[in-house]
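Keep the structure open beside you as you read.

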Amino acid sequence: MSDQPGPKGLTHATVMDWLTRFAATVRSVEPELTALDQKAGDGDFGGNLVTGMDGVRRALDALAAGAGNGERNQRGPDAPLDAAARVFLDDVGGTSGPLFGLLFQELADALGMAADPPGTAALALGTAAGAAAIQRVGEAEVGDKTMVDALVPAARALASCEPTADPAYALHVAAVAAHRGARSTTDLRARRGRASYTGDHARGVPDPGALAVALLFASAHTELTSLDRLPVS
């Protein structure tokens with residue numbers, strides 16, 4: 001990937017492919033996420049994420065068939081993210097479902113308001129807005145052992161890229177930063193979320209929600225079959 005400025009941007013097709021890869025990734029790594037959540041939470045995170053992304057796949061199929069939110073351009077790059085947001089906000093249980101819905105919604109809004117085609121600047125804006133919304137609703141900060149520990153570094157990484165950088169490069173940089181942030185939660189004591197109820201039992205276990213954020217950004221490039229496939233550089 002290259003950090004050279006250019007005309008590349010996000011299209012309806014590239015965002016559809018991104019979310020489709022994320023759905024496949026989630027299904028592949030669900031056993032690992034569930035095993036981690038059984039140690040650090042109530043064990044339902046992986047299953048809830050699979051349920052959500054299965055719903056997103058159905059919503060994307062409907063979008064491809066011409067059904068969807070009439071308030072948006074159904075062929076715009078924001079439409080798939082808006083569809084994902086609606087699934088997570090309306091249908092996914094657990095504490096993390098609505099939070100992922102907020103992230104998808106902010107990304108959709110940023111891409112929808114950007115110049116055509118939206119690119120790295122819109123991704124940076126949407127990710128930062130998503131992080132802020134999740135922090136506001138979840139009352140979490142970096143260091144609380146939540147998805148915020150991965151999302152805030154990802155937002156900062158995107159903001160550090162040139163606005164005209166290839167989005168593929170920017171998303172890779174975000175994935176690396178999110179993965180680093182997720183791994184930093186391993187030795188933290190949880191202060192928010194379900195894991196906070198387990199006290200020191202969650203120490204030594206990376207936060208599954210933070211890892212899922214890293215998987216989301218990494219899936220922009222490729223489908224992942226295990227957590228070991230997350231990028232480190």
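Predicted model: local features only at pLDDT ≥ 70, side-chain atom pairs only at ≥ 80, totals over all residues.

How are α1 and α8 oriented to each other, roughly parallel or roughly antiparallel? The axes of α1 and α8 are 10 Å apart and pack at an angle of about 155 degrees, and α1 and α8 are therefore roughly antiparallel to each other. Angles under 35 degrees count as roughly parallel, over 145 as roughly antiparallel, 65 to 115 as roughly perpendicular and the rest as oblique. Axes here are lines fitted to C-alpha atoms, for helices over the stretch in contact, and angles run from 0 to 180 degrees between N-to-C directions.

Residues are numbered from 1 along each chain as its sequence is written, and side-chain values use heavy atoms, with hydrogens and water left out.

**The chain as a whole**

The secondary structure comes to 8 helices and 0 strands; helices (H or I, at least four residues) and strands (E, at least two) are DSSP runs, numbered from the N terminus. Of the 233 residues in the chain, 55% are buried, where buried means under 20% relative accessible area, exposed over 50% and partly exposed in between (1.4 Å probe, protein chains only). Contact means heavy atoms within 4.5 Å. Among contacts between residues at least 6 apart in sequence, 70% join residues at least 24 apart.

**Helix α8 and its partners**

Start with α8 (residues 208–218). In α8, 11 of the 11 residues are buried, so this helix is largely enclosed by the rest of the structure. Its buried residues pack against α1, α2, α4, α5 (120–138), α6 (148–160) and α7.

Take the α1 side. Trp18, Phe22, Thr25, Val29, Leu33, Leu36 and Asp37 in α1 meet Pro208, Leu211, Ala212, Leu215 and Leu216 in α8. By class, this contact of α1 with α8 has 10 nonpolar, 1 polar and 1 charged residues. Ala, Val, Leu, Ile, Met, Phe, Trp, Tyr, Cys and Pro count as nonpolar, Asp, Glu, Lys and Arg as charged, and the others, Gly among them, as polar.

Now turn to α7 (residues 167–183). Leu171, Ala174, Ala175, Ala178, His179, Ala182 and Arg183 in α7 meet Ala210, Leu211, Val213, Ala214, Phe217 and Ala218 in α8. The contact of α7 with α8 has, by class, 11 nonpolar, 1 polar and 1 charged residues. Leu211 of α8 is listed in the contact with α1 and also in the contact with α7. The axes of α7 and α8 come within 8 Å and cross at roughly 165 degrees, and these helices are therefore roughly antiparallel to each other.

α7 has 17 residues and reaches 24 Å from its first C-alpha to its last, close to the 24 Å expected at 1.5 Å a residue; the expected span is 1.5 Å times one less than the number of residues. Among its buried residues are Pro167, Ala170, Val176 and Gly181. What covers the buried residues of α7 includes α1, α5, α6 and α8.

**Helix α2 against α1**

α2 (residues 45–64) has 20 residues and reaches 28 Å from first C-alpha to last, close to the 28 Å expected. Its buried residues pack against α1 (12–40), α3 (78–91), α4 (97–113) and α8. The axes of α1 and α2 are 8 Å apart, at an angle of about 160 degrees, and these helices are therefore roughly antiparallel to each other. By class, the contact of α1 with α2 has 14 nonpolar, 5 polar and 5 charged residues.

Val50 lies in α2 and is buried, with a relative accessible area of 11%. Leaving aside its neighbours within four places in sequence, Val50 is in contact with Val26, Arg27 and Glu30. Val50 and Glu30 are 20 residues apart in sequence and 7.0 Å apart in space, C-alpha to C-alpha. After α2 comes Gly66, whose phi is positive, near 105 degrees.

A crossing is left-handed if the near helix is turned anticlockwise from the far one by less than a right angle, and right-handed if clockwise.

| Helix pair | Handedness of crossing |
|---|---|
| α1 and α2 | left-handed |
| α1 and α8 | right-handed |
| α7 and α8 | left-handed |
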